[in-house]
Amino acid sequence: MSEDRDFLSRYLEGELRLVNKHVPYKRKNLCELLEEPVPYIVLRDGSIHVFDPEELRRLKQVLGDRACNLSLPIIVEYVPSDQEGFYVVNGALEVEAVSKVLECKGEGVQLVLYRPQVIELRRKLRTSTTILIKPGGR
Amino acid sequence: MSQLQRIRPTKIELIRLRRQLVLAVKVHKVLRERLTILVNEFLAQLRESVEKRRKINELILPVYNRGAGLLGVYGENVFQLFHRTTLGLTCVLTSENIMGVSTRSVVLRRPVEDKAVYAGLKDFQAQASELLKAIIELGKAEEAVLALGREIKSTKRRVNALNYIIIPRLSRQIRLLRMKFDEREREEKSRLKRVKNILEKRKKLE
């Protein structure tokens, strides 16, 4: 029985590990990606994720001169809570890009988003955003 | 019930079960959120694929009509000529990752410069490339829909297993252990009372 329970713990811990397998090993700059013939990054599970060049051009247009400092993909952290969780975007440039794309007010280094906004964001920037799930909360 | 009987009624076991319950609840919450995100992605891809299909249906008839017109004006070899005089579109087969679901994707690479072609062929070329792009986008969206559907199915099974089997089972086991410990405590108390009574009686007799 204890072996069964150990198996259960291992399975549950594995699930928590695998839930973020789509997060990149290393993020790339927007300019670096724009120069590549096929803009891509390598993810934690070893697979390749390719960016949509149109989305990259759109981000470049939105951010102007500072676009080269933006690291992609933009990571949207999901923070669970007792009720429905919320999403957070960290980083000044990321916040600016997301707020301009969503046409909402965003200042500082952190932007809190709720589910409908995240759906809208994913619709507009499908390949250049990724959702990170934080199992332990904030 | 058989699984409940097999638990060793010790405090360590209770602590371990409680830890597992906390972990299971956490995993359940995370997987449920992942499922919601996946369903949203699925619906977005589905909407996109319907939109693309509609666009293809709108584009395909004008392209066909223009192609037939060109065939009538320039003759049978017009498409070979077209193929030789224009730079073709190339595409790179790649993969895209949506919330851990890998789907096939295509990156279109447009020709850098266009050579001059016969009158009427330019418009046909533009329309045909737009149609081709829409077909590729549709393929991408439908592939994503299929892959997301498979992932949603398996995630749903895991969420349901946690919700209806694992978490209730752990809760039942914890409740059973608590009941056993309470029972033990009550037994201990009554035993002590009994011993106290006996000792008092002995004292009186002495």
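This is a predicted model: local features need pLDDT of at least 70, side-chain atom pairs count only at pLDDT 80 or more; totals for chains, interfaces and linings use all residues.

Student: How do you know which part of chain A has the lowest confidence and which the highest?

Tutor: By the mean pLDDT of each element, on a scale from 0 to 100. Helix H1 (residues 2-18) of chain A is lowest with a mean of 74, while strand E2 (residues 40-42) of chain A is highest at 88. For chain A as a whole the mean is 81, and 91% of its residues reach 70 or more.

Student: Why are strands E1 and E2 of chain B called a pair?

Tutor: Pairing needs at least two bridges between the strands. E1 (residues 90-98) and E2 (residues 101-109) of chain B have nine, in the antiparallel sense, so they count as paired. Within this pairing, Val92(B) lies opposite Val107(B). The hairpin has two residues between its strands, and Met99(B) takes a positive phi near 50° there.

Student: What makes residues of chain B count as in contact with chain A?

Tutor: The C-beta atoms must lie within 7 Å. By that rule, 27 residues of chain B are in contact with 28 residues of chain A. On the chain B side, H2(B) gives the most, with 15 residues. That side divides into eleven nonpolar, eight polar and eight charged residues.

Definitions and conventions:
Residues are numbered from 1 along each chain as its sequence is written. Chains are lettered from A and ligands numbered from 1 in the order in which they are written. pLDDT is the predictor's confidence in each residue, from 0 to 100. Helices (H or I, at least four residues) and strands (E, at least two) are DSSP runs, numbered from the N terminus. Two residues are in contact if their C-beta atoms, placed from the backbone, lie within 7 Å. Ala, Val, Leu, Ile, Met, Phe, Trp, Tyr, Cys and Pro count as nonpolar, Asp, Glu, Lys and Arg as charged, and the others, Gly among them, as polar.
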